[in-house]
Amino acid sequence: QVRLEESGGGSVETGGSLRLSCAASGGDTWKRHCMGWFRQAPGKEREPVAIMNRVAGTSRTYYDPSVTGRFTLDRNNAANTVYLQMNNLKPEDTAMYYCAAAQCSGIRLPISRGDYDAWGQGIQVTVSS
């Protein structure tokens with residue numbers, strides 16, 4: 001079974017930065033080409049933040065419009081790890097962030113929650129004004 005281990009969350013002030021990491025291990029990790037982050041704020045649905053097809057390259061990366069230009073998703077394929085660099089954080093970025101992974105073929109890049117069947121436990125990001 002695939003295990004996703006998250007790290008790097010915390011609390012910052014508006015304008016601050018955080019870097020999240022997600023390392024995949026076990027099971028069929030080698031098939032889990034699509035990896036990224038979703039977030040869920042209290043009372044809201046879980047939504048995609050940044051997702052990458054790790055073998056298709058950075059051209060196949062999705063960013064939610066609200067984070068474009070502020071967040072960057074990167075990868076270390078040898079370590080089955082993705083990183084989310086979050087800069088210029090805003091209070092509306094406050095949420096529980098979840099790493100997710102899924103099998104995806106070719107250059108597919110699914111962004112729906114239902115397409116992902118491996119999830120981390122979640123890590124809190126809090127941005128104060």
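Is Arg32 buried or exposed? I found Arg32 to be buried, with a relative accessible area of 8%; buried means under 20% relative accessible area, exposed over 50% and partly exposed in between, with a 1.4 Å probe and protein chains only.

**Basis of the entries**

I worked from a predicted model, in which local features need pLDDT of at least 70 and side-chain atom pairs count only at pLDDT 80 or more, while totals for chains, interfaces and linings use all residues. Residues are numbered from 1 along each chain as its sequence is written, and side-chain values use heavy atoms, with hydrogens and water left out.

**Entry: the sheet**

I looked up the sheet and found that 4 strands form an open one, in the order 1-3-8-7, with antiparallel pairing. Strands, like helices, are DSSP runs numbered from the N terminus (strands: E, at least two residues; helices: H or I, at least four). Two strands pair if DSSP finds at least two bridges between them.

I noted that strand 1 (3-7) and strand 7 (71-76) stand at the edges with a single partner strand each, so one side of each has no neighbour in the sheet. From one strand to the next, the twist averages 15 degrees; axes are lines fitted to C-alpha atoms, for helices over the stretch in contact, and angles run from 0 to 180 degrees between N-to-C directions.

I then followed strand 3 (residues 18-25), which is joined to strand 8 (residues 81-86) by 6 bridges, the two running antiparallel. Leu18 stands opposite Met86 in strand 8.

**Entry: salt bridges**

How many salt bridges does a search of the whole structure find? I recorded 6 salt bridges, each being a side-chain nitrogen of Lys or Arg within 4 Å of a carboxyl oxygen of Asp or Glu. Side chains of opposite charge can pair when their charged atoms come close.

I returned to Arg32, which forms a salt bridge with Asp117, the closest N and O atoms being 2.3 Å apart. This pair links distant parts of the chain, 85 residues apart: Asp117 lies in the loop between strand 9 (95-102) and strand 10 (118-119), and Arg32 in the loop between strand 3 and strand 4 (34-40). Asp117 is exposed, at 58% relative accessible area, whereas Arg32 is buried.

I also examined Arg39 and Glu47, whose side chains meet in a salt bridge (3.1 Å, N to O). Arg39 is buried at 7%, and Glu47 is partly exposed at 33%. Salt bridges that share partners join Arg39, Glu47, Arg70 and Asp93 into one network.

Finally, I noted a salt bridge between the side chains of Arg3 and Glu5 (3.4 Å, N to O). Glu5 is partly exposed, with a relative accessible area of 46%.
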